[in-house]
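Subject: Structure handover

Hello,

Here is the structure for you to look at. My notes follow below it.

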Amino acid sequence: WFTGPLLMVSSHLRLLLMQSLALGVFFAVLALHGLPAQAKNLTSRSESTVPDNHSDWKNASNQCLEEGVCICPPGEFWLLSANMTVDGLKIQCVLKWDEQAIGVVLRVGWLLVEEGGMLQIGSSQSPLGKYPGTKATIVIKQAASNKHPTLGDRFLNGRGGTIKMLGKPLERTWTLLSRPALKGSHELFLKHDPFDMGWSVGDEVGVATTSRGNSTKHRIVDIRPSTVEVYGRKVDEVLPRVIVLDTPVMSDHMGGFTEVEGHIFEAAAEVVNLERSIVITGERDDFYDDLEGFSTAMLDNGIMDVRYTRLEYCGRRDIKGKYCFHFHQLGKCPDCVLQGNAVVDSQQVGITVHGSHQALVDQNTIWDARGAGIFTEDGNEMNNVISYNVIICSRWQVCAVPWLGKNSLQNGGIYLIGMTNDVLYNRIAGYEHGLYTPGSAFPNGQGYAWGKVCPQFTPFGAMRGNVNHDCARYGMYLDNQYPRNLDRDENGFVRSGCSQFTSEGLDNGLSPANIVEDEFDYHNLFVG
């Protein structure tokens with residue numbers, strides 16, 4: 001694809017290209033030497049919270065009528081301690097979820113956090129789920145009688161406000177099989193101890209395919225020492241703990257390390273935890289028929305910091321901006337964080353970064369997001385960190401759908417039009433393409449950035465440690481990318497540099513070159 005010094009792999013790395021164990025081929029720049037530790041919660045990202053001892057809290061559930069639009073006015077402090085149903089909810093105040101209340105459910109047709117308002121569910125000192133039996137559930141209703149005049153219904157958005165959600169943290173949101181799991185098995189050996197990761201009986205987990213088949217979801221019914229004989233162990237040695245599933249795996253799954261022609265690879269199925277103590281869900285009667293869920297977003301300015309929260313039955317197919325999570329035109333937003341979340345079953349993109357910079361998208365598990373798992377939308381998105389996420393489609397045909405004017409071949413686990421972002425240690429399984437950069441298909445960018453960017457010639461950020469497997473076509477697909485020396489403003493719009501040559505007639509290829517490091521692709525139809 002590339003000429004000259006525009007994109008290269010380090011000269012000290014060996015490119016290994018070999019026949020795979022089954023379909024497809026392996027592609028690696030160095031074999032992975034163990035699984036990197038997931039990034040810890042970033043305490044440097046600011047967290048403005050409301051004092052627990054504020055003296056003037058009002059009971060939120062007593063302030064609103066069920067059939068109308070409820071407005072929490074500026075200067076007030078509302079505490080949600082009991083179930084509440086409302087058609088629409090405008091938050092101009094501080095609305096805080098009572099982290100000690102058990103099983104509280106908010107049902108709403110739409111919710112908007114406006115300028116100066118804050119929605120807070122949990123905090124670093126007291127994450128929702130810290131107290132036994134506590135769980136927060138927001139149900140976005142199928143329709144509102146009183147729609148918002150510009151945004152409609154079926155959304156949870158902010159516009160100039162602050163959305164802070166912190167569920168009970170997990171030490172790890174995903175791991176790998178440490179040894180193979182055979183078809184019919186109920187026991188899974190994991191690379192990390194389930195209790196150390198914070199996993200529990202009753203959690204929903206997903207197991208990625210390593211045979212170009214189906215990835216499947218299960219419930220943990222037990223966590224205990226293995227009852228399977230383990231060869232080579234001393235009689236008095238403690239056996240590793242396993243998770244026991246409610247239903248057996250339906251095919252063989254690779255685990256541990258595999259030798260291929262004298263090289264060792266950790267070609268192992270991902271096991272993801274999809275359970276969270278904060279759940280945002282939608283009424284799902286029409287989800288699979290009308291392809292309609294709900295959406296969340298922070299629009300134009302404000303802060304969205306959501307961690308360890310589950311979104312399910314979200315996204316609205318073929319409607320621009322109606323994604324499960326959406327950073328929309330926020331400019332520089334270093335305090336915008338999506339970390340440790342689970343996005344489960346989406347009719348459109350799982351996480352979209354749109355016209356936003358310096359945000360963190362980290363340790364999320366995404367299951368069956370149609371179109372794309374993670375999407376940088378217009379082409380000017382810069383300096384975001386996309387790290388340690390696992391993105392799985394249960395079968396590639398499920399997620400390979402037409403979306404936003406793109407055909408069913410134009411989808412991927414990570415789909416970049418904004419290129420200058422750090423893409424680190426992510427894992428993708430079961431999509432049409434794994435990590436896909438279709439710059440040549442969008443030479444002028446999209447949307448607000450159209451004509452102000454040149455994605456085909458935009459440099460990448462750091463690209464390291466990513467794994468793509470069991471995809472229908474490519475694993476990593478850097479499609480006709482020719483990184484060049486661009487001069488850009490603070491919003492990523494190009495002043496100059498898209499041309500092949502400089503004004504002096506010199507080669508404008510990026511120097512030093514972009515580097516792809518520690519990439520591992522296997523069981524994909526194509527590699528390269």
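Strand 17 (residues 216–225) pairs with strand 18 (residues 241–245) in the antiparallel sense, over five bridges. Within that pairing, I220 stands opposite L245 in strand 18. Strands here are DSSP runs of E with at least two residues; helices are runs of H or I with at least four; both are numbered from the N terminus. Two strands pair if DSSP finds at least two bridges between them.

**Ground rules**

Residues are numbered from 1 along each chain as its sequence is written, and side-chain values use heavy atoms, with hydrogens and water left out. Because the model is predicted, local features need pLDDT of at least 70 and side-chain atom pairs count only at pLDDT 80 or more, while totals for chains, interfaces and linings use all residues.

**The chain as a whole**

The protein chain has two helices and 45 strands. Of its 528 residues, 61% count as buried. Buried means under 20% relative accessible area, exposed over 50%, and partly exposed in between (1.4 Å probe, protein chains only). The chain exposes about 19,900 Å², and carbon and sulfur atoms supply 51% of that (Shrake-Rupley method, 1.4 Å probe).

**Disulfides**

A search of the whole structure finds six disulfides (cysteine sulfur atoms within 2.5 Å). Counting bonded cysteines along the chain, the pattern is 1-2, 3-4, 5-6, 7-8, 9-10, 11-12. Three of these links are described here.

- C72 to C93: S to S is 1.7 Å. The torsion about the S-S bond is about 110 degrees, so this disulfide is right-handed. C72 lies in strand 5 (residues 69–72) and C93 in the loop between strand 7 (84–91) and strand 8 (94–97), so the pair ties together parts 21 residues apart in sequence. Both cysteines are buried.
- C314 to C324: S to S is 2.1 Å. The torsion is about 90 degrees, so this one is right-handed. C314 sits in strand 25 (residues 309–314), and C324 in the loop between strand 25 and strand 26 (325–332). C314 and C324 are buried.
- C454 to C498: S to S is 2.0 Å. The S-S torsion is -85 degrees, and the link is left-handed. C454 is buried, with a relative accessible area of 4%. C498 counts as partly exposed, at 24%.

What about C471? Its sulfur is 9.4 Å from the closest cysteine sulfur, in C393, which is too far for a bond. C471 is buried, with a relative accessible area of 1%.

N383 is found in the loop between strand 32 (372–376) and strand 33 (385–387). At 44% relative accessibility, N383 counts as partly exposed. Leaving out residues up to four places away in sequence, N383 touches Q358, A359, T420 and N421. The C-alpha atoms of N383 and A359 are separated by 7.6 Å, and the two residues are 24 apart along the chain.

Best wishes

Methods. Contact = heavy atoms within 4.5 Å.
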